[in-house]
Amino acid sequence: MSDALKALNCTTCGSPLPALAGHRAKALVCSYCGSVMDRHDGYKVLAQYRDMPRPEGPFALGDSGEVLGVHQTVVGIVGVESYIEGSMYYWTNYQLYSPTHGYSWMTWNDGHLTHSRKVRDGTDHTQSRFYPKNDFPALGRSFTMFESYNAVIHYIEGELTWVPKLRDSVNVIDGIAPPHGFSLARTDGEIETEFQTYLNRTEVFEAFGFADDLPSPLGVHAIQPFEPGELHQSAALAAKYFMPIAAVAALGLMIMGGGSTIAQTRIHNTAQGGAVTFEATSTSRLMSIEMSAPLRNQWSWYDMTLVHNESGEEVEFGSGLQYYSGWEGGESWSEGSQDATLRFKPPQTGQYTLRIANAPLDNTVTRTDRQQFASDKPLSIEVRQNVFVSRYFWILAIVLGLIYGSMRLREHMFETARWGGGDDDDD
Amino acid sequence: MADDFNCPNCGGQLSRKVAHSKMVTCPYCESTVLLEDETVKLAGVGGVMADEPSLFVLGRAVEYQGESYMPIGQARFSYSSGWWDEIWALDGHGNGVWISVDEGDIAIERNHETDLKIDERKLKLGARIEFEGEIFRVTEVDRGKCEALRGEFPEEMAVGDTYTYYHLSGARGSLITLEFEDGEMYVTEGQWIDPYEIRQQAVEANS
């Protein structure tokens, strides 16, 4: 625990070295000459490793701050490398010390920060077998095996809980359950297990008293949680629950929202025209005019006038129908429709008359179009009231679906990036 | 006997929290006081306990995995590479447990009655020992010396007492501590616990 000794001199080169760890730290490695000293045996020099290349990382011996709610001090540094699937990877482990919580590690890996601590999970892993992407239990939860590799020490400095040797290696199996991980390190028949937590880098830097002005972390870390941002997450959550509601509402309106027929007629000679009279009882509800004509490779245009009988106010508008079909290359085709629907809100209640007749063709109409113009086909008119439109709910359902889908897509891409670095299986 | 009494050394008002406590330390004169049936007897001195940051503070309950523990006694021992605390605490059922605290290595242990006899000479560091059907490895052998006492305890303890202890670790994180005295073997068994899961993490000096 707390040592009165706060600094000492290297017994080899005499350089001043900080004494930051408690009594359980076994080794002290000189930052200057690389001498490995036995803290439990009068700082006797056990080995010396000169000119070790210092690993990348933001922390130095003596840096301190809060990690996972516990005040910690960096007392040792270990540079680690591993050759995985044809590539060499490097990361830096910082030995942390807390008088109340003991020793743990903070790891700097491509700009990501993780914390790991030794745990005894109550499981005998000596007989366990691990397969990529298979789940295994530990610490009362399930972890997915991510990768296995041999980690080799290439740099040591400061106070460490064991006596390290340069180039020592350990076989590691990593399991993940973001934002946590569970690792098994196997050496000489012994298995040590560690529990890991992905750290918010900015928060840690702030706790250690320096600004996070380093480049953003590279890629996705194995135990990095998917954090899409509060706004997108909230929107996707809302979309997840409201999208089915909107779709059901749209479907319901499509089936039930056609309203009720209040007038209908059939105009046999559309060139002469015809009319239909109906009563509008509400100005807030939609009404519709359903038009249908048995056109065959024809088109037609109808001028319409809606007259409010009591006031004499008129509204003029028009609508056309065209329908063409045929066979081409052994397949049938068609375009246009024999039906059309016009929706409107009556400007006032009362009786209306809808007058319909073919529009006269002017000189701009081509001969072919004149020949295909239908004035001899009967036109069925049906006026309906209390009509509801489902299209807006469909649009809403689609928009919500896109929001939710974009979240799932982002998550899928995130997971793909995560597993890009892990052991692959056969699937 | 009554739970309130006077220190036989300084007359200070003392009390014990647990009826079966056998020893308390006097906060006024740092004497240790033995409680035997109807008598109160001066035993020795409590020694000087340097204040250190700790998750366990006498009289302040902590919680671990849903179980509460109330520390009522603190014994400090020195050993070859430093020192550790043995905290005598009551769990939520009023049962006593020993909590060993050594720089974040924390174990909760309970007294374990056994008829098994283990030859102390076989307890070499690294040796594999079968104990009640489970294989353990001897992971620590050292001598501890009691340096200071504070609070109350279920047994007589004295500053200056020394003994050899053996830690036996099982494959599933279980822990057994063996101590030998006058040909008798005393066993405590328990588990290592994760300090990060201890709630009410008041990191402050003992008062």
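Trainee: What makes A:Arg418 and A:Glu415 a salt bridge?

Mentor: In this predicted model, the closest N and O atoms of A:Arg418 and A:Glu415 are 2.9 Å apart. The cut-off is 4 Å between a side-chain nitrogen of Lys or Arg and a carboxyl oxygen of Asp or Glu, so the pair qualifies.

Trainee: Why are A:Arg418 and A:Glu415 separated by about one helical turn?

Mentor: Because they sit three residues apart in helix H4 of chain A, which covers residues 391-419. An α-helix has 3.6 residues a turn, so residues three or four places apart point the same way.

Trainee: Why is A:Arg418 called buried?

Mentor: Its relative accessibility is 2%, and buried means under 20%, so A:Arg418 is buried.

Trainee: Are A:Arg355 and A:Glu314 buried, partly exposed or exposed?

Mentor: A:Arg355 has 39% relative accessibility and A:Glu314 has 45%. Each value lies between 20% and 50%, so both residues are partly exposed.

Trainee: How do you know that the buried residues of helix H1 of chain A line one face?

Mentor: The buried residues are A:Arg201, A:Val204, A:Phe205 and A:Phe208. Seen down the axis of H1(A), they fall within an arc of 100 degrees, so they line one face of the helix. The face turned away from that buried side carries the exposed residues A:Glu203 and A:Glu206.

Trainee: Which strands do the buried residues of H1(A) pack against?

Mentor: They pack against strands S6, S7, S9 and S10 of chain A.

Trainee: Which residues line the second largest cavity?

Mentor: Among them are A:Ala280, A:Arg285, A:Met287 and A:Asn386. About 40 Å³ of space lies in this cavity, and the structure has two cavities of 30 Å³ or more. Strands S18 and S24 of chain A each supply at least two residues of the lining. By class, the lining has three nonpolar, four polar and one charged residues.

Trainee: What lines the second largest pocket?

Mentor: The pocket has 24 lining residues, and B:Thr25, B:Pro27, B:Leu58, B:Arg150 and B:Gly151 lie nearest its centre. Its volume is about 500 Å³. Strands S2, S3, S8 and S13 of chain B give two or more residues to the lining, and S13(B) gives the most, with four. The lining divides into eleven nonpolar, nine polar and four charged residues.

Definitions and conventions
Residues numbered from 1 in each chain as written. Chains lettered and ligands numbered in written order. Predicted model: local features only at pLDDT ≥ 70, side-chain atom pairs only at ≥ 80, totals over all residues. Heavy atoms only, no water. Buried < 20%, exposed > 50% of the residue type's maximum accessible area, 1.4 Å probe, protein only. 1 Å grid on protein atoms, 1.4 Å probe; cavity = no way out; pocket = protein on both sides within 12 Å on 5 of 7 lines; lining within 4 Å. Points joined across faces, edges and corners; volume = space filled by probe spheres on them. Nonpolar A, V, L, I, M, F, W, Y, C, P; charged D, E, K, R; others polar. Arc of directions from axis to C-beta. Contact = heavy atoms within 4.5 Å.
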